[in-house]
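Biologist: Hi, could you walk me through this one? I'd like to start with the strands and then move on to the packing.

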Amino acid sequence: QWQECDALLDTGNMGMTLIRASLSQALGLSALPGVPPSHFQKPHKQVIVQGVVPGVSMDVPVITCTYRIKDQTMTNVQVGICETSDWDLLVCNVDLQHFQAAGYTLKV
C-alpha cells in the first residue's frame with residue numbers, strides 16, 4: 001500500500017534523496033522513540049548532508065526504501081532520514097534522471 005506525501009523535486013540536490021524523519025517513522029521504516037529498534041530497519045550507514053547554507057551540514061542515517069511518483073517506481077533507493085518542516089521527500093537529481101529517461105520533463 002502506498003502512502004501519499006509531499007515531494008520536492010530538487011534539481012540542485014546532487015547528493016541523495018531525503019525522507020522526513022516523522023514520515024519514515026510513521027511508515028515503519030525507522031524506529032519510533034521508546035520502541036525497540038530491532039522492530040525496524042537499521043540504518044546502513046551515516047552520511048553528512050550539506051545544505052544550501054555554506055558551512056551548514058548534518059549527519060543523517062541512511063536506509064533503503066521504495067517510492068513512486070506518477071507511474072515510475074524507484075526501488076532499493078538509499079535515502080537519508082532528517083527532520084524538516086516543508087516536505088516529506090526531497091528527491092535528488094540522480095533519481096530525477098530516471099524520470100527524465102522515462103520521458104518526463106521537469107519545468108519551472
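**Strands, core and contacts**

Modeller: Happy to: V49 stands opposite M58 in β4. Please keep in mind that this is a predicted model, where local features need pLDDT of at least 70, side-chain atom pairs count only at pLDDT 80 or more, and totals for chains, interfaces and linings use all residues. Residues are numbered from 1 along each chain as its sequence is written, and side-chain values use heavy atoms, with hydrogens and water left out.

Biologist: Which sense do β3 and β4 pair in, and over how many bridges?

Modeller: Strand β3 (residues 45-50) and strand β4 (residues 57-69) are antiparallel, with six bridges. Two strands pair if DSSP finds at least two bridges between them. Strands (E, at least two residues) and helices (H or I, at least four) are DSSP runs, numbered from the N terminus.

Biologist: How many bridges join β4 to β5?

Modeller: Seven, and these strands run antiparallel, with β5 covering residues 72-82. I69 has Q72 in β5 as its bridge partner.

Biologist: And what sits in the turn of that hairpin?

Modeller: Two residues lie between β4 and β5, and K70 in the turn has a positive phi of about 55 degrees.

Biologist: On to packing. Which residues have the most contacts inside the largest nonpolar core?

Modeller: I19, Y67 and V79, in a core of 15 residues. A nonpolar core here is a set of buried Ala, Val, Leu, Ile, Met, Phe, Trp, Tyr and Cys residues joined through side-chain atoms within 4.5 Å. Buried means under 20% relative accessible area, exposed over 50%, and partly exposed in between (1.4 Å probe, protein chains only).

Biologist: Which elements give two or more residues to this core?

Modeller: They are α1 (21-26), β4, β5, β6 (89-91) and α2 (93-101). The largest share, four residues, comes from β5. Another core, of eight residues, lies apart from it and includes L18, V49, V62 and C82.

Biologist: Which residues of α2 are buried?

Modeller: N93, D95, L96 and F99. They are on the same side of α2, because they cover an arc of only 150 degrees around the axis; that arc is taken from the directions from the helix axis to the C-beta atoms. Their cover includes β1 (7-9), β4, β5 and β6, with contact meaning heavy atoms within 4.5 Å.

Biologist: Nice. How many aromatic pairs does a search of the whole structure find?

Modeller: One. The ring centres of F99 and Y104 are 6.5 Å apart and the planes are at 70 degrees, so the pair is edge-to-face. Rings of Phe, Tyr and Trp (its six-membered ring) pair if their centres lie within 6.5 Å; planes under 30 degrees apart count as stacked, over 60 as edge-to-face and the rest as tilted.

Biologist: Is Y104 buried, partly exposed or exposed?

Modeller: Y104 is partly exposed at 29% relative accessible area, whereas F99 is buried at 6%.

Biologist: Switching to charges, what does D88 form a salt bridge with?

Modeller: With R20, and the closest N and O atoms are 3.0 Å apart. A salt bridge needs a side-chain nitrogen of Lys or Arg within 4 Å of a carboxyl oxygen of Asp or Glu. The pair links distant parts of the chain, 68 residues apart: D88 is in the loop between β5 and β6, and R20 is in strand β2 (residues 18-20).

Biologist: Are the two partners buried or exposed?

Modeller: D88 is buried, with a relative accessible area of 14%, and R20 also counts as buried at 14%.
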